[in-house]
Amino acid sequence: MTLYVWGYLPEYEKERDDILDAVDTVFRSGQLVLGPRVRAFEQEFAAYHGVEHCVGVDNGTNAIVLGLRALGVGAGDEVITVSNTAAPTVLAIDAVGATPVFVDIDPETYLMDVEQVAGVISDRTRCILPVHLYGQCVDLAPLEAIAAKHGLPILEDCAQAHGARRHGRIAGSTGKAAAFSFYPTKVLGAYGDGGATMTGDAEVAANLRRLRYYGMESQYYVVSTPGYNSRLDEVQAEILRRKLTRLDDYIAKRRAIAARYEQAFADTELVTPRTAPGNDHVYYVYVVRHPRRDKIIEALKARDISLNISYPWPVHTQSGFAHLGYEKGSLPVTEAAADEIFSLPMFPSLSDTDQERVIDTLRAVLATV
């Protein structure tokens, strides 16, 4: 049987009774949209992060879209971010009519190179959007100083960093707002799409709640500002509530798997993840690096182990973003990493037996490529 990077079925088999009970509880309640489970999850997720407001939405992309709009970002504005990210980060910027401006990444952590940010700020810059990638946090301290100097909000993209911390500060608790995805593969994943935007600002939170509900206040049909139909549904909210109680356990298991990988490949050419000083990594994905990446992936595929690349094509090199005008070579660290990085299987329900199979097979392949 093929072993994949993600582990939907093993988790479901383990948690099946609880997941089905969550679904049945909601269906029997008769309240399916924006009801008590959404409100309860919003409160519990906000409390987990020590942030006052959480607004559940339909997916992680719209969590960024609504976050940008709630912060006043729109047509003609610029948002500083990275190209080494999932395309939805940049698509969300485009969706509000703004222009993404890219900086390169740190060659060891693959996170935003914060030292480059000040150099690309213009009179059109309206927001800084750091991406907490692969399970660890961008260093926000210097970004806070830059943002304060220029009067810019920080919107954290936390889609891959549920529970990650830097110097004790949890991802999503520092910026003016923070966006989360609950896609099934995430550290905290739903059984379908889902997302949330958090903020400590009451006005921003009020904007978010209007924007996710057509732009309406509490009364249906009365639109105060054009918005969206972007609601987290009750079923996903109830599933997420239950899984939130297990989030710390999920993270502990991911770290144990990462530690075994680190030990297993310490004497090889494989470059294993580098955790930035002060970071508590949650290993959403376990990203490794090797100059003969493609040969390794093909060799493991032939042995029924399917690996993933996050991400093989930086956003600025994709045809859909050609209008941004970035030439090949404009972000050299990002581009070099994209040619060599790939991810090993990483999910809490990965068995010791399956991980040993990955390790033994990969070590054998590394000795021959």
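Which residues is Leu-68 in contact with, leaving aside its neighbours within four places in sequence? The views below are taken from a predicted model.

**View 1. Leu-68 and its contacts.** Leu-68 sits in helix H3, which spans residues 60-70. Its contacts, sequence neighbours within four places aside, are Val-73, Val-79, Ala-92, Ile-93, Val-96, Cys-127, Leu-129 and Leu-155. Leu-68 counts as buried because its relative accessibility is 0%, and the limit for that class is under 20%. Ile-154 is 86 residues away from Leu-68 along the chain, yet 9.7 Å separates their C-alpha atoms.

**View 2. The open sheet S3-S2-S4.** Three strands make up this sheet, and their pairing is parallel. Strand S3 (99-103) and strand S4 (125-128) are the edges; each has a single partner strand, so one side of each lacks a neighbour in the sheet. From one strand to the next, the twist averages 35°. Strand S2 (residues 78-82) is joined to S4 by three bridges, in the parallel sense. Glu-78 has Thr-125 of S4 as its bridge partner.

**View 3. The open sheet S1-S9-S8-S5.** Here four strands are arranged with mixed pairing. Strand S1 (53-57) and strand S5 (155-157) stand at the edges and pair on one side only. The twist averages 20° from one strand to the next. Five bridges link strand S8 (residues 177-181) with strand S9 (residues 195-199), and this pair is antiparallel.

View 4. Helix H2 covers residues 36-49 and lies across S1, S8 and S9. Relative to S1, the helix runs at about 130°.

**View 5. Strands S11 and S12.** S11 (residues 286-289) and S12 run antiparallel and are joined by four bridges. Tyr-286 has Leu-344 as its bridge partner in S12. In a regular strand, side chains alternate between the two faces of the sheet. Strand S12 (residues 341-344) is covered on both faces. Ile-341 and Ser-343 lie on one side, Phe-342 and Leu-344 on the other, and all are buried.

**View 6. A nonpolar surface patch.** Tyr-8, Leu-9 and Tyr-183 form this patch on the surface. Together they have about 330 Å² of accessible area. Tyr-8 belongs to helix H1 (residues 8-29). Tyr-8 counts as partly exposed because its relative accessibility is 40%, and that class lies between 20% and 50%.

View 7. Is His-167 buried or exposed? His-167 counts as exposed, at 60% relative accessibility. This residue lies in the loop between strand S6 (165-166) and strand S7 (169-170). The phi of His-167 is near 50°, a positive value in a residue other than glycine. Tyr-283 also has a positive phi, about 55°, although it is not a glycine. The loop that holds Tyr-283 runs between strand S10 (279-280) and S11. Tyr-283 is buried, with 14% relative accessible area.

**View 8. A cis peptide bond.** The bond from Ser-310 to Tyr-311 is cis, and its omega is near 15°. Tyr-311 lies in the loop between helix H9 (293-301) and helix H10 (332-338).

Conventions:
Residues are numbered from 1 along each chain as its sequence is written. This is a predicted model: local features need pLDDT of at least 70, side-chain atom pairs count only at pLDDT 80 or more; totals for chains, interfaces and linings use all residues. Side-chain values use heavy atoms; hydrogens and water are left out. Buried means under 20% relative accessible area, exposed over 50%, partly exposed in between (1.4 Å probe, protein chains only). Helices (H or I, at least four residues) and strands (E, at least two) are DSSP runs, numbered from the N terminus. Two strands pair if DSSP finds at least two bridges between them. Patches are made of residues with over 30% relative accessible area and no salt bridge: like charges are joined within 9 Å, nonpolar side chains (Val, Leu, Ile, Met, Phe, Trp, Tyr) within 5 Å. Accessible areas come from the Shrake-Rupley method with a 1.4 Å probe; for residues, only the protein chains shown count as cover. A salt bridge is a side-chain nitrogen of Lys or Arg within 4 Å of a carboxyl oxygen of Asp or Glu. Axes are lines fitted to C-alpha atoms, for helices over the stretch in contact, and angles run from 0 to 180 degrees between N-to-C directions. Contact means heavy atoms within 4.5 Å.
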